[in-house]
Amino acid sequence: MKKYICTVCNYIYDPQEGDPDSSIAPGTAFEDIPDDWVCPTCGATKGDFEPYDG
């Protein structure tokens, strides 16, 4: 599964880790995260993320 990076603060969403603080289970693909999810670091919207190839 592909990682995504926040273009505002550079937080990397790793689908293998999920986002437990936002009830996003490990193994959840970025595409499957609810549209109202926000970056846990800076609060940016899901639309502020881009695929990460690092």
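Strands are DSSP runs of at least two residues marked E, numbered from the N terminus, and in this predicted model they give the landmarks for finding a residue such as Thr28, which sits in the loop between β2 (12–13) and β3 (49–52). With a relative accessible area of 17%, Thr28 is buried, because buried means under 20%. Its side chain comes to 2.6 Å from the backbone oxygen of Ala25, and, leaving aside residues up to four places away in sequence, Thr28 touches Met1, Tyr13, Pro15 and Ile33.

Tyr13 and Ile33 also belong to the largest nonpolar core, which has 11 residues in all, including Tyr4, Phe30, Trp37 and Phe49. Within that core, Phe30 touches Tyr4, Tyr13, Trp37, Lys46 and Phe49, again not counting residues up to four places away in sequence.

Asp53 is exposed at 68% relative accessible area, whereas Lys2 is partly exposed at 41%.

A salt bridge also forms between Asp14 and Lys3, where the closest N and O atoms are 3.9 Å apart, linking the loop between β2 and β3 with strand β1. Asp35 and Lys46 meet in a salt bridge at 3.7 Å, N to O, and both residues lie in the loop between β2 and β3, 11 residues apart.

Notes
Residues numbered from 1 in each chain as written. Predicted model: local features only at pLDDT ≥ 70, side-chain atom pairs only at ≥ 80, totals over all residues. Heavy atoms only, no water. Helix = DSSP H or I, 4+ residues; strand = E, 2+ residues; numbered from the N terminus. Buried < 20%, exposed > 50% of the residue type's maximum accessible area, 1.4 Å probe, protein only. Polar contact = N/O pair within 3.5 Å; in protein donor to acceptor, adjacent residues only side chain to side chain. Contact = heavy atoms within 4.5 Å. Core = buried A, V, L, I, M, F, W, Y, C linked by side-chain atoms within 4.5 Å. Salt bridge = Lys/Arg side-chain N within 4 Å of Asp/Glu carboxyl O.
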